Number of protein chains: 2
Amino acid sequence: MAEIKPKGPVTLQDIARETGYSVNTVSRALRNKGDISQATCARIQRTAREMGYMVNQIASSLRSGRTKIITVIAGSMSNPFYGIITDTLQSIAAARGYSLLVMCSRERPDLELELAEMAAARRSDGILLFPTNASARTLERLRELKVPVVLMARTLGDDVADNVIADETRGAYLATRHLIERGRRNLAFLSQYRIVFSYEKRLRGFLSACEEAGIPEQNRHTFVPVPSTTQDPLSWDWRTPTLERLIQWRREGVDGIFVFCDVEAWYVQSMLQQAPELAGWDVGIIGFDNIEGAQHFPTGLCSVDCAFEEMATRGIDLLRERIHGSTLPPKTIVCPVRLVCRGSCGRLED
Amino acid sequence: MAEIKPKGPVTLQDIARETGYSVNTVSRALRNKGDISQATCARIQRTAREMGYMVNQIASSLRSGRTKIITVIAGSMSNPFYGIITDTLQSIAAARGYSLLVMCSRERPDLELELAEMAAARRSDGILLFPTNASARTLERLRELKVPVVLMARTLGDDVADNVIADETRGAYLATRHLIERGRRNLAFLSQYRIVFSYEKRLRGFLSACEEAGIPEQNRHTFVPVPSTTQDPLSWDWRTPTLERLIQWRREGVDGIFVFCDVEAWYVQSMLQQAPELAGWDVGIIGFDNIEGAQHFPTGLCSVDCAFEEMATRGIDLLRERIHGSTLPPKTIVCPVRLVCRGSCGRLED
DNA sequence: TTTATGAAGATTATCGTTAATGTATATCGT
DNA sequence: ACGATATACATTAACGATAATCTTCATAAA
């Protein structure tokens with residue numbers, strides 16, 4: 001029954017020839033579309049299995065206009081933040097029949113635009129974009145090309161596009177309050193570069209917690225080593241200026257630092273351990289994202305948990321709504337945050 | 001000149017209509033294939049640009065039989081090892097015109113096989129596979145399906161398939177020797193689970209360094225918490241048994257541990273910091289992969305650098321040879337390793 | 001009996017490219 | 001001036017699937 005296939009994979013036509021049905025019937029039978037009798041359907045499916053049939057997604061995509069591919073444009077997979085969330089995205093996408101094309105923008109707007117065009121040329125059904133600092137053009141182009149996009153983890157302003165973010169302001173507020181509760185009264189907010197709007201939101205949370213606790217203005221420090229005009233933030237040397245600023249902050253009596261994200265917080269922690277000028281400094285450190293708790297890396301870093309799994313799920317489902325033609329106005333989904341204490345801010349003392 | 005396009009993206013036919021040439025001529029002109037005059041070529045390309053043409057990769061793939069897609073099957077993107085190397089793979093692939101489909105096997109052979117079939121259904125030109133502990137079936141199936149594969153970072157035996165790996169034995173030897181040079185004489189080799197052949201290779205390196213330095217047999221410890229029959233290593237609780245074993249090793253006077261990879265080494269380091277039973281233990285730790293040095297994460301962990309970029313380049317280029325039809329016998333490319341000292345093994349003392 | 005309804009398939013027409021041929025005109029050697 | 005080679009295109013035929021539109025033939029309703 002099963003013939004020797006001279007070359008190439010089995011096609012619908014091969015099954016049609018084998019079973020005597022038409023190609024169309026075979027196609028419908030394999031996809032359980034109606035108008036095919038139970039018996040026929042079963043027989044065709046069995047034959048397909050025996051012959052080792054495997055759908056050609058390319059052909060299917062061309063005809064149906066759906067690739068079942070979502071492109072993720074993230075900054076870089078070596079950053080655990082992106083790694084972890086991509087991991088989650090991948091399994092959720094797979095559960096819904098989608099595959100993930102992964103591209104890295106290196107936080108560069110120009111590269112990001114290029115990648116977006118590639119994603120469009122490949123006819124991705126949609127894009128999950130972790131935007132850079134200047135993604136307006138990318139967004140505009142994708143709108144032209146009619147490729148659905150959901151902005152992930154960062155925002156370009158309220159309701160500019162579909163958007164899934166953590167509750168940034170509240171997270172920053174919680175983090176700062178945590179420092180304060182641990183007895184810290186001279187606080188700093190450190191961010192490697194000014195991630196549009198996310199930075200502003202977290203700054204607001206930082207300041208409002210300071211306000212609430214009556215921290216005087218001169219005890220509220222901020223620092224952003226990489227200038228906001230930079231088109232290539234990742235290749236900027238933020239270490240030297242950051243170290244200098246840390247030394248300065250130490251002199252100024254800073255005793256608590258809220259760092260923009262966990263990855264940066266780790267840099268800071270390692271500087272604290274390694275730089276002789278910082279040795280013995282009693283300073284509380286708290287990050288954001290809770291990347292180690294989400295998966296691996298047990299360390300003592302306090303952080304703000306971002307519910308990555310929820311963000312990933314919401315992102316994919318929002319994107320799917322668009323893919324299926326929703327024309328509702330852009331929606332911003334704010335995911336809940338939660339403080340996680342691991343001791344890097346010091347013990348309660350009093 | 002540029003018309004209002006009523007719907008959908010511009011196609012070759014639109015350009016053909018606009019310029020008066022045939023579809024085929026337009027196609028050839030845009031790809032700079034021969035048999036088209038300079039003038040025509042230029043004119044067509046200009047028109048295409050003006051009309052905002054963008055090739056439909058799906059249609060192109062269907063006809064040409066090439067998708068220009070490489071599927072990466074890695075364990076999980078939340079593991080920085082995979083994250084970093086995927087990052088590198090992505091940029092090298094992009095430079096060669098390939099996009100990356102990223103899938104995560106979670107180190108599970110069954111899931112891996114499924115993913116491989118998906119990759120085949122999507123007609124990936126080839127697969128970069130970071131194999132699980134039981135990838136023989138996957139490999140066999142891919143051979144049936146005639147999808148080129150290169151095994152990455154791990155080996156299933158010498159020349160079973162194309163393979164790009166680090167020089168595991170030498171790396172382990174260097175790591176162990178490093179411990180010994182730092183005055184460590186009671187050594188252990190710790191590996192979360194028994195990654196086929198890679199484990200054996202590193203064990204060999206460990207033992208040969210012990211041998212060379214005259215470390216007595218009773219001072220050569222090994223431990224693998226997760227049993228090798230496990231089909232789902234990542235969800236196994238390795239922490240409890242590992243902690244217990246660390247406590248035991250401490251009692252037994254172990255003073256140096258070579259850990260299978262950096263990620264695991266970090267777990268160990270954090271246990272050393274956090275578990276009261278381990279407090280104050282003077283033990284040298286060295287990992288493998290040098291993941292932090294490759295990109296971020298400055299910590300004090302000694303490690304063995306694996307030249308990720310070279311591995312990635314070699315992997316992609318080897319795969320491309322296969323994609324282009326090479327029928328040479330399977331090749332194993334062994335990439336050089338290099339010791340990196342950051343102090344976690346202690347100072348030289350004598 | 002006649003017509004409407006429906007089930008179960010078959011036909012046919014694309015999807016947007018690229019590969020394999022065809023063809024007309026110009027150029028060339030002899 | 002003849003056929004031979006090139007040049008620069010046009011025509012035609014896939015690639016493998018899916019969608020839209022027919023056919024049948026049987027059964028039910030009128």
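At what angle do the axes of helix H2 and helix H3 of chain B cross? The structure is a predicted model, in which local features need pLDDT of at least 70, side-chain atom pairs count only at pLDDT 80 or more, and totals for chains, interfaces and linings use all residues. Residues are numbered from 1 along each chain as its sequence is written, while chains are lettered from A and ligands numbered from 1 in the order in which they are written.

In chain B, the axes of H2 (residues 23-30) and H3 (residues 38-51) cross at roughly 90° and come within 9 Å. Axes are lines fitted to C-alpha atoms, for helices over the stretch in contact, and angles run from 0 to 180 degrees between N-to-C directions. Helices (H or I, at least four residues) and strands (E, at least two) are DSSP runs, numbered from the N terminus. H2(B) and H3(B) are therefore roughly perpendicular, a term for angles of 65 to 115 degrees. H2(B) contributes B:Val26, B:Ala29 and B:Leu30. These meet B:Thr40, B:Cys41, B:Ile44, B:Gln45 and B:Ala48 of H3(B). The residues of this contact comprise 6 nonpolar, 2 polar and no charged. Here Ala, Val, Leu, Ile, Met, Phe, Trp, Tyr, Cys and Pro count as nonpolar, Asp, Glu, Lys and Arg as charged, and the others, Gly among them, as polar.

The two chains also meet. In chain B, 40 residues are in contact with 40 residues of chain A; contact requires C-beta atoms, placed from the backbone, within 7 Å. Helices H4 (57-64), H5 (80-95), H6 (109-121) and H11 (262-274) and strand S2 (99-104) of chain B each supply at least two residues of the side that touches chain A. H5(B) gives the most, with 7 residues. By class, this side of chain B has 21 nonpolar, 15 polar and 4 charged residues.

The same surface serves both copies, as 100% of the contact residues of chain B recur in chain A.

How values were computed
Parallel < 35°, antiparallel > 145°, perpendicular 65-115°, else oblique. Contact = placed C-beta atoms within 7 Å.
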